[in-house]
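Hello,

Here is the structure I promised to pass on. My notes on its aromatic rings follow below.

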Amino acid sequence: MVQCDLKLPKKDRMHPLQLERFLHAHIPLAKAMEVSVCAVAEDKVLLSAPLRPNINHHQTVFGGSACAVAILAGWSLVHTRLHAEGVAHDLVIHRNAMTYRSPITDDFTACASLPAPEAWEAFRERLARRGKARIEVVSQLEQGGRAAASLSGEFVALAAR
């Protein structure tokens with residue numbers, strides 16, 4: 001398991017272990033990739049994954065694994081924030097764009113955040129009013145403190161019935 005030392009401010013939020021158990025139980029790929037939840041805050045979620053179960057024939061992280069961890073981080077950010085606000089929802093990725101800067105040769109992290117934090121209120125209002133809303137999330141992948149890749153993703157939330 002990868003160790004993460006990022007300390008994020010505590011809010012009314014889901015505990016990292018609670019989120020990790022949820023991901024492993026409901027998204028089997030997260031368990032197979034050995035994804036760990038390092039931190040959960042209102043405005044950030046930090047995940048980590050080891051190289052070993054995500055390796056390719058070049059002895060680097062498989063691009064699909066990097067993308068999957070980045071999407072999981074973004075999905076987790078929106079999910080935990082809606083959960084903390086008591087909003088029952090279904091959440092899916094609508095589209096994404098991944099940019100790879102350098103090969104990932106070791107354990108890595110994905111930190112998701114909202115590129116426009118003020119967009120959250122409009123997202124929440126639209127979800128409450130229309131029962132469906134979209135929001136953009138950015139996930140930054142790092143290895144050993146250096147940027148390795150980034151993902152911009154649009155997530156769609158549907159009000160649960």
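Is F22 buried, partly exposed or exposed, and at what relative accessibility? F22 counts as partly exposed, at 28% relative accessibility (buried is under 20% relative accessible area, exposed over 50%, partly exposed in between, with a 1.4 Å probe and protein chains only).

Before the rest, a word on the source: this is a predicted model, where local features need pLDDT of at least 70 and side-chain atom pairs count only at pLDDT 80 or more, while totals for chains, interfaces and linings use all residues. Residues are numbered from 1 along each chain as its sequence is written, and side-chain values use heavy atoms, with hydrogens and water left out.

There are two aromatic pairs in the structure (Phe, Tyr and Trp rings, the six-membered one for Trp, with centres within 6.5 Å; planes under 30 degrees apart are stacked, over 60 edge-to-face, the rest tilted). F22 and W75 are stacked, because their ring centres are 6.1 Å apart and their planes at 10 degrees. F22 sits in helix α1 (residues 16-26) and W75 in helix α3 (residues 63-84), so this pair ties together parts 53 residues apart in sequence (helices are DSSP runs of H or I, at least four residues, numbered from the N terminus). W75 is buried, at 14% relative accessible area.

W120 and F123 form a tilted pair, with centres 4.9 Å apart and planes at 45 degrees. Both belong to helix α4 (residues 119-130), three residues apart, or about one helical turn. W120 and F123 are both buried.

The protein chain has an average pLDDT (the predictor's confidence in each residue, from 0 to 100) of 92, and 93% of the residues score at least 70.

Best wishes

Technical notes
Helix = DSSP H or I, 4+ residues; strand = E, 2+ residues; numbered from the N terminus.
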